[in-house]
Protein chains: 2
Amino acid sequence: MKPIDIFKALSNETRLNILQWLKEPEKHFPKQGAHLPKEVSIKGGVCVGDIQEKANASQSTVSHYLNMMQKAGLLESVRYGQWTYYRRNEEVIRQMADFFKTEI
Amino acid sequence: MKPIDIFKALSNETRLNILQWLKEPEKHFPKQGAHLPKEVSIKGGVCVGDIQEKANASQSTVSHYLNMMQKAGLLESVRYGQWTYYRRNEEVIRQMADFFKTEI
DNA sequence: TTGACATATCTAAAAACATCGATATATAAT
DNA sequence: ATTATATATCGATGTTTTTAGATATGTCAA
């Protein structure tokens, strides 16, 4: 876990929003998983297009955001067909919250 | 409390170090308060010069760092004569840790 | 195989940030 | 008053970040 990369990733309103939206995907992305057959459940994952629509930024920008958040460890991705689903990496987020509490 | 300003302030190794050093001022700044008469105790405060020396950056850079950390709410300052003593704002830091734990 | 769609990557331009030396301000000491 | 010291602010420059359009890659459907 690299705290500075995580802080950088969170230093932007849109990225911070994305992370928070993904806490409750079904609430913030009602049409979530519309593409997926029922038997495939990518729990909590939302595809780039849905995130882009809500984030109101260009496709390349959102893709870039998601990539940097993943590199920082905040998100993880699963590819299903032509879609990439991003979800929170709760383990890292929890570690970071602990780090903040005890080391900052 | 503006989380994004706080994240920005923490997105830099030197600034992150400063905040952590100030958790244990007596440990990291042995000559702390050398200028101060005993009866004036600015608990946990360290002057800019001492911080600069340890941070190994220019005086203007460190002054700027401290100012932005203060604006973000992470630090508070007390002026005593020609010195400005900076110390952590534990209240804000705690709030931020809670925010991270519950909202991120 | 072709065409449509989702996502990633590339490229470039603008905006923001980082950093320092120089200068200003404030206080202290002589 | 002058000088010295501590800190803040200014101004300039180099670096990083942001952002989007264009293009590439990969997948699906006909």
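Biologist: How do strands E2 and E3 of chain A pair, and over how many bridges?

Modeller: They run antiparallel, with six bridges between E2 (residues 75–80) and E3. Strands here are DSSP runs of at least two residues, marked E, and helices are runs of at least four, marked H or I, numbered from the N terminus. Two strands count as paired if DSSP finds at least two bridges between them. This is a predicted model, where local features need pLDDT of at least 70 and side-chain atom pairs count only at pLDDT 80 or more, while totals for chains, interfaces and linings use all residues. Residues are numbered from 1 along each chain as its sequence is written, chains are lettered from A and ligands numbered from 1 in the order written, and side-chain values use heavy atoms, leaving out hydrogens and water.

Biologist: What about the turn in that hairpin, which residue has a positive phi?

Modeller: Gly81(A), with phi near 60°; the hairpin of E2(A) and E3(A) has two residues between the strands.

Biologist: Which other strand pairs with E3(A)?

Modeller: E1 (residues 46–47) of chain A does, antiparallel over two bridges. In that pairing, Cys47(A) is bridged to Tyr85(A).

Biologist: And who is the bridge partner of Leu75(A) in E3(A)?

Modeller: Arg88(A). Arg88(A) sits in E3, which covers residues 83–88.

Biologist: Is Arg88(A) buried or exposed?

Modeller: Buried, because its relative accessible area is 6%. The cut-offs are under 20% for buried, over 50% for exposed and partly exposed in between, using a 1.4 Å probe and protein chains only.

Biologist: Which backbone oxygen does the Arg88(A) side chain reach at 2.9 Å?

Modeller: That of Leu19(A). Across in chain B, the backbone oxygen of Ile104(B) is 3.1 Å from a polar atom of the Arg88(A) side chain.

Biologist: Changing topic, where is Tyr65(B)?

Modeller: In helix H5 of chain B, residues 59–72. Tyr65(B) is buried too, since its relative accessible area is 13%.

Biologist: What does Tyr65(B) contact, leaving aside neighbours within four places in sequence?

Modeller: Asn12(B), Thr14(B), Arg15(B) and Ile18(B), where contact means heavy atoms within 4.5 Å. Tyr65(B) and Ile18(B) are 47 residues apart in sequence, yet their C-alpha atoms are 9.3 Å apart.

Biologist: Which residues have the most contacts inside the largest nonpolar core?

Modeller: Phe100(A) and Phe100(B), in a core of 60 residues. Such a core is a set of buried Ala, Val, Leu, Ile, Met, Phe, Trp, Tyr and Cys residues joined through side-chain atoms within 4.5 Å.

How values were computed. Polar contact = N/O pair within 3.5 Å; in protein donor to acceptor, adjacent residues only side chain to side chain.
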